[in-house]
Amino acid sequence: MSDTIGNPLDDPSADPFEIAAAAAADIARLTGVERHDIALTLGSGWGKAADLIGETTVTIPATEVTGFSSPALEGHVGTLRSILTPKGRRVLVIGARTHYYEGHGVRRVVHSVRTVAATGARTMVLTNGAGGIKHTWSPGQPVLISDHINLSGDSPLEGATFIDLTDLYSIRLRDLARTIDPSLDEGVYCQFRGPQYETPAEVRMAKTIGGHIVGMSTALEAIAARQAGLEILGFSLITNMAAGIQTTPLSHQEVIEAGRDAEPVISSLLARVVGAL
Ligand code: HPA
């Protein structure tokens, strides 16, 4: 379904889970794969992982799948790819994230997560590019997400839907990732609304309340993934030190370039982790 002729998720009376089921049916039809096992959302810097995971059997423009929006950002490819791994597992790669700051509402932000759950996937790997707060980190370094603080002020849950978020980012999967790279550090991800980068004062606040990573995605998606029963693994690529920690101004160009430089190393890491799932 094309974004330009209206998105069914924008109808407040529509059921977002029915739309996700329709999207999953589109994916099954367009890929010829009835069930996927694992899903991956690839953020800044992580895109090349898709080439290393296995054989891409089908690539679909995201706009051909019900409810998906065209991506707003350079460096974000608007496709869904179905990959067959050497172990015979089916991986669905979402290269079309909708960010909360785009202003289309949280239903659109989490539609990909609900869709992958409807395709049958049990595991969701969420990746992003983000700012680092820990002084021991440097740009280009991948870190595991251990927990999050949702500063978006919003939620994908509607009505009195009380959901436990203890161990939201699976300890089992984090341990598994560390069997591939024992040097992986981890931290708490703070989702800001964006699209402006944080002020140094906001970064100090994030640090004071227990944050180590600042970004503009992932937390809302992880909440929806937990609601859908998916086991979650989260990775951030530290593309820059957060505002005020690095003394130079932040730029989107810097984020893209750091992602590009780190891409070969982190993509191979991610592909090895997915191979072990
Ligand atoms: N803040 C928020 N989002 C980001 C950053 C940052 O410093 N770097 C990349 N994405």
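1. The ligand is surrounded by twelve positions that the reader may wish to locate at the outset: Gly129, Ala130, Gly131, Tyr197, Glu198, Val214, Gly215, Met216, Thr239, Asn240, Leu250 and Val255. The model is a predicted one, and the remarks below should be read accordingly.

2. By class, the shell around the ligand comprises six nonpolar residues, five polar residues and one charged residue. Glu198 belongs to this shell, and Glu counts as charged.

3. Three elements each supply at least two residues of the shell: strand 5 (123-132), strand 8 (213-215) and strand 9 (231-241). Strand 5 provides the largest share, with three residues.

4. A ligand nitrogen atom lies 2.7 Å from an N or O atom in the side chain of Glu198. For Thr239, an N or O atom of the side chain is 3.4 Å from a nitrogen atom of the ligand. On its own the ligand has 260 Å² of accessible area, of which the protein covers 95%.

5. Elsewhere in the model, helix 5 (residues 171-180) packs with helix 8 (residues 252-276). The angle between them is about 120°, and their axes are 9 Å apart.

Definitions and conventions: Residues are numbered from 1 along each chain as its sequence is written. This is a predicted model: local features need pLDDT of at least 70, side-chain atom pairs count only at pLDDT 80 or more; totals for chains, interfaces and linings use all residues. Side-chain values use heavy atoms; hydrogens and water are left out. A residue is near a molecule or strand if one of its heavy atoms lies within 4 Å of it. A polar contact is a pair of N or O atoms within 3.5 Å; within protein, one must be able to donate a hydrogen and the other to accept it, and residues adjacent in sequence count only if both atoms are side-chain atoms. Accessible areas come from the Shrake-Rupley method with a 1.4 Å probe; for residues, only the protein chains shown count as cover. Helices (H or I, at least four residues) and strands (E, at least two) are DSSP runs, numbered from the N terminus. Axes are lines fitted to C-alpha atoms, for helices over the stretch in contact, and angles run from 0 to 180 degrees between N-to-C directions.
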